[in-house]
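Please open the model in your viewer and keep the sequence beside it.

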Amino acid sequence: MKEQKLTKRKEQSIQTKQNIYDVALELMKNKSFKDVTIEEISKKAGVSVGSFYYYFNSKEDIYLKLFEQMDKDLFQDFEVKGQTGSVGGVILDFFIQLARFITELGLNITRYNLFTDDTIFYDEDRYMNIALQNIIKLGQTNEELTTDMSEKEMTNYLLVIVRGIVLDWCVNNGDYSLEEKVLEFMKRILSSVSLKF
C-alpha cells in the first residue's frame, strides 16, 4: 500500500503543534509550571492564543503529552528489545533511563510532577508501571527475584524508593547526578530482592 503524502497545510499544522509543544516545554524547564502562561507560550511560539487552543486544551495537555511520550519512548522500548541479561540488570537499566529522562526534564517540571494533586508519577495504570511489573513478573517466574512480594508490591516498593531519591534531588536543587544516585541505591535495593543479582 502506497503511503499517502501529507499536504503542505497538514505538514504546517503538525509543525505548528510541535513548535507550541517545544516552546512550552522549554518555558516549563526554565520557570515554575504555574508561572508559565498560555499567552506567554503563544507569543514565544509565534501563534495566537486561539491557535494554542486549537491544538491543546490547556498547558496541562502539554504536560500530559510529555509523559505519554516518555512512556512511548522509554518504557515501550523495554518490551520491544526484549529482556536480555539478568532481570536485575534490566531493572537497573529501566531506572537509569528514568533518571536520565527526569534530569533532562529539569527541576521545575519534576517539582511540579511531584507536588501537584494531578501528578501522573503515581498513576499505577501508566505504561511505566505496567512495564516494570512485567519485568518483575518475568524475574520472579525465572527465579531471579524473590516472591516474598507480588510483582505489583515490588513495583510499588521500587518506585517509592526512586521517588524518594527524585524528591531529594529536587530538594537539593539537582546538585548531584540523579543517574548516579539512582544507580547506587538501586544496586543496593535489588540485592535485597534478587536471588541471582
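**The whole chain**

Begin with everything selected: of the 197 residues in the protein chain, 43% are buried, where buried means under 20% relative accessible area, exposed means over 50% and partly exposed lies in between, with a 1.4 Å probe and protein chains only. This is a predicted model, in which local features need pLDDT of at least 70 and side-chain atom pairs count only at pLDDT 80 or more, while totals for chains, interfaces and linings use all residues. Residues are numbered from 1 along each chain as its sequence is written, and side-chain values use heavy atoms, with hydrogens and water left out.

Switch to a cartoon view, and the protein chain shows nine helices and zero strands; helices (H or I, at least four residues) and strands (E, at least two) are DSSP runs, numbered from the N terminus. Contacts, meaning heavy atoms within 4.5 Å, can be considered next: among those in the protein chain with a separation of 6 or more, 65% join residues 24 or more positions apart.

**Helix α2**

Select residues 38–45, which form helix α2, and colour its buried residues, Ile 38, Ile 41, Ser 42 and Ala 45. Looking down the axis of α2, you will find these buried residues within an arc of 95°, so they line one face of the helix; the arc is that of the directions from the helix axis to the C-beta atoms. Glu 39, Lys 43 and Lys 44 are exposed, and they sit on the face of α2 turned away from its buried side.

**Helices α7 and α8**

Now select α7 (residues 127–141) together with α8 (residues 151–171), which pack at an angle of about 120° with their axes 9 Å apart. That angle makes α7 oblique to α8, since angles under 35 degrees count as roughly parallel, over 145 as roughly antiparallel, 65 to 115 as roughly perpendicular and the rest as oblique. Show side chains where the helices touch: the contact includes Met 128, Leu 132 and Ile 136 of α7, and Met 154, Leu 158 and Leu 159 of α8.

**Gln 140**

Is Gln 140 buried or exposed? At 11% relative accessibility, Gln 140 counts as buried. Leaving aside neighbours within four places in sequence, Gln 140 is in contact with Leu 145, Thr 146, Thr 147, Met 149, Ser 150, Glu 151 and Met 154.

Technical notes
Axes are lines fitted to C-alpha atoms, for helices over the stretch in contact, and angles run from 0 to 180 degrees between N-to-C directions.
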